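Please go through the structure shown here with attention to how its parts touch one another.

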Amino acid sequence: MTRLGLYIHWPYCQAKCPYCDFNSHVVRSIDMDAWADAYLSEIKQLSEITEGRVLSSVFFGGGTPSLMSRDLVARVMDAIRSAWPIANDWEVTLEANPTSVEADRFAAYRMAGVNRISMGAQALNDTDLRRLGRLHTVAEARDAFAVARDAFDRVSFDLIYARQDQSLAAWEDELGQALEMSIDHLSLYQLTIEPGTAFGDRFAKGGLAGLPDEDLAADMYELTQRMCNAAGMPAYEVSNHARPGAESQHNLIYWTGADYIGIGPGAHGRLTLGGKRYATVSESAPVQWLSMVSKSDLSPTSWDVLSADDQISEALMMGLRLNSGVALERLAQLGADLDDRIAPLVEAGFLKVDDQALQTTSEGRIMLNAVLRELIAG
Amino acid sequence: MAQLTHIRNFSIVAHIDHGKSTLADRLIQMTGTVAARDMKAQLLDSMDIERERGITIKANSVRIEYPAKDGETYILNLIDTPGHVDFAYEVSRSMQAVEGSLLVVDASQGVEAQTLANVYQALDADHEIVPVLNKVDLPAADCDRVAEQIEDVIGIDATDAIQISAKTGVGIPDVLEAIVQRLPCPEGERDAPLKAMLVDSWYDPYLGVVVMIRVMDGVIKKGDEIRMMQTDAKYRIDKLAVLRPKMEDIAELGPGEIGILTASIKQVRDTKVGDTITHDKKRTAEALPGFAPSVPVVFCGLFPVDNAEFEDLRDAIEKLALNDASFSFEMETSAALGFGFRCGFLGLLHLEVIRDRIEREYQIELITTAPSVVYHVHMKDGTMAELHNPADMPDMTLIDHLEEPRIKATIMVPDEYLGDVLKLCQERRGIQIDLTYAGSRAMTVYDLPLNEVVFDFYDRLKSVTKGYASFDYQMEGYREDHLVKMQVLVNEEPVDALSIMVHRDRAEQRGRAMCEKLKELIPRHMFKIPIQAAIGGRVIARETLSAMRKDVTAKCYGGDATRKKKLLEKQKAGKKKMRQFGKVDIPQEAFISALKMDG
């Protein structure tokens, strides 16, 4: 059986960031007990469906999970531990904003069983943090990082680059600072303007001047790879870098096509049950989700069987993001017949194949969408 | 049967928006020809496109009974003519079918180029012309100035110009009275053999082909056996009627009268505008002068965006051709665009109207290739071939020389924009023939290659003059020039749909502009793409579209899989909408946009 992860979605933020297209909401007050009850109820349900499986990771994502009360996280963690057998080396990650208020809760999260923090630092430049709609300063982020570093063995943080008016030199300087911090995992995302976000609206109206063009964005990406390699933090996925052994086990579940349970508003899951692979998605509006969970006859989650073609597409789309690529064995199991599509892409230097896996070259990874458009049947 | 002395036939000459249709509506309304409850705006413009664009494409007529101040009742026949230069021949036939014209000029705007072209046609037909100043109710109306302009520019007496407002109805009774008093009555011999002009024809879904006629001599009756003198076809008249504007059966039509007939004619193509209709048994000795078969002057390819819609397109084109004999088509295959039709039109407006109707009435999305004129290719062996499509250009070594059609263009423009207009005409290889002023408006006449005008001349003219210029043209025959076929190669392969004919001296400039445009229009691919313009085997311009450098989704986690998969599918669908050429995907808009000359 494949590995199993659990994703828990916390839908609330203190403020909505203008670039964010995740399922996040801002409310005045939150009934922590109601949420604890709902999560517990779902954990019970899903553990029954996945009975006998060993849980190898948990991820609290959001929203801003570091807004969850100490007690809420503790109750959820207790419930998880009694619901599934737990792998010895399990990874329990919680996404946090780097503010002092949230850092105060880090020790308690550690006590509850969280063993990895992923911090949304986003920028090491106060002007840009404001432009990104972030509520913290660089100084606060550095303080929060120090607190996290004391409390947890493993700390990651996110930076967003290719921002408005950001020069290659400015990013080189900023990334250099980040790599000097005592860090074992970095997620480095190029700013993406998503439709339906505040940035998306401004961009559609001709706003957001000074975003880098494709060439500068490519230069920034390539610089990022060089600097991270030199610092001993090579990319293991398109936007994720780690010291060897410090890769996010939970995220590898997504990219390798293993199973994951999704709990919470808008959470997605992929589960292999009885020889079929299911895609699950839950009601995304938080209040709706809560009320559906509280009624025993209503499920907040819909289940769809994925066809072989869907599974092949997902295997390629997710797997080719990793340096390690997609296992040929897995593609063979799904009955993928891709040789005619793969050959010209190998020829052109975008893909490589060995006896284990189909992989993107570094040239192919930076153009993965174009590679996928050639590769995926349709 | 009406007496000749009690018939008046007339047309209305006006620039677009100067109020021709509104005046026609008023004349119909004020004489009680149409009941008030049946009135709608632009009564005589029956097609949606006519109403929408405020233009007339097909001729139409209306018979009005008017009790004049002299106590007699007169029959007034108004022929509503197409106003656009594309239909100049049709206009000339309509003009021959009537004896007089109302020249309607917007008193706040003055004479425009289109007014001129049509008024000259009326003068050519020896019309009595009654000047009418419309929109006198507008604050900007300046009747004295405009009357003076009519005298200066057109050279007709405007002292008795009638001042009206077709909108409010002011002056309409004066117009009706002037038609009776100032326009001549028709002439004709009732006892002579039948001689009638085929003024226009159209397809009616219930009646089949409907023919509008003007009787010159003789009498025509239902059941008569008639002969069309140009096509030499014989028909029996099923129906004879007048339009008021609803069809009203009539027993016979005599000299001077205008009406319609049906005679089991299958296609509009079987009727020729300007043909002479006579009795099969008792024929007239001479056909009416001035007949000319209609000849398309502008050609372009129409291809369905979705190749699967080719049969639907064929169906649409055949249906439209039923009602429009002047529009020609034949199947065309393009390596880039697949199956489509090479279509010939009377001019650019005609092209646009047909294209709009296919897209609108038949809901087929079209790719229109660059319009091309008809070149005369003179071969070394002394033969001459017409070239409708640059793709069909014969081997250069076999060609002695090429000729291209020229036009005489009349442009009227406020003098502050004159410099820009002259510059534009020079850029398009124009030769100035005349430049005169009437007040603050300049009128310039240019000899221009039609080739330089068909594409975007009018758009450019509107943009450099902020819309204040008016433009009209007439064909002026063929002239030899140094013309070459320019090909465009994308990734080393020629793209047939982008081939154009161009003057040798302009080739480098056009080639460079096209390559630059294509570089912007074609999205980056996974490899670099050379874009070249070439004459024969010689490359005259080159651009390189660099390879795509980055296209990757930054974040893709468990919750993103479904969404990103949909996005990829959407991108793939978008790719399908482009035309694949070799390994290169070319977006549809490139086929037209690449040819636009921005300055």
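The paragraphs below go from the domains to the contact between the chains.

This is a predicted model, in which local features need pLDDT of at least 70 and side-chain atom pairs count only at pLDDT 80 or more, while totals for chains, interfaces and linings use all residues. Residues are numbered from 1 along each chain as its sequence is written, chains are lettered from A and ligands numbered from 1 in the order in which they are written, and side-chain values use heavy atoms, with hydrogens and water left out.

Chain A divides into domain 1 (4-253) and domain 2 (308-378); such bounds come from an automatic or database domain assignment. The centres of these two domains of chain A, taken over C-alpha atoms, are 28 Å apart. In chain B the assignment gives domain 1 (4-182), domain 2 (195-279), domain 3 (298-369), domain 4 (376-481) and domain 5 (484-595). Between the centres of domain 2 and domain 5 of chain B, over C-alpha atoms, lie 53 Å.

Within chain A, 9 residues of domain 1 are in contact with 6 residues of domain 2, contact meaning heavy atoms within 4.5 Å. The two domains of chain A bury about 630 Å² between them, 61% of it on carbon and sulfur atoms; buried area is the accessible area (1.4 Å probe) that two parts lose on being put together, summed over both. On the side of domain 1 of chain A, Tyr221(A), Glu237(A) and Val238(A) supply 56% of the area buried against domain 2, more than any other three residues. The count between these domains of chain A is 1 salt bridge, a term for a side-chain nitrogen of Lys or Arg within 4 Å of a carboxyl oxygen of Asp or Glu. Arg321(A) forms a salt bridge with Glu237(A), with 2.6 Å between the closest N and O atoms.

The contact between the chains takes 44 residues from chain A and 24 residues from chain B. Chain A and chain B bury about 3,300 Å² between them, 53% of it on carbon and sulfur atoms. Glu214(A), Asn369(A) and Arg373(A) supply 21% of the area that chain A buries against chain B, more than any other three residues. The rule finds 10 salt bridges across the interface of chain A and chain B. Arg373(A) forms a salt bridge with Asp551(B), where the closest N and O atoms are 2.8 Å apart.
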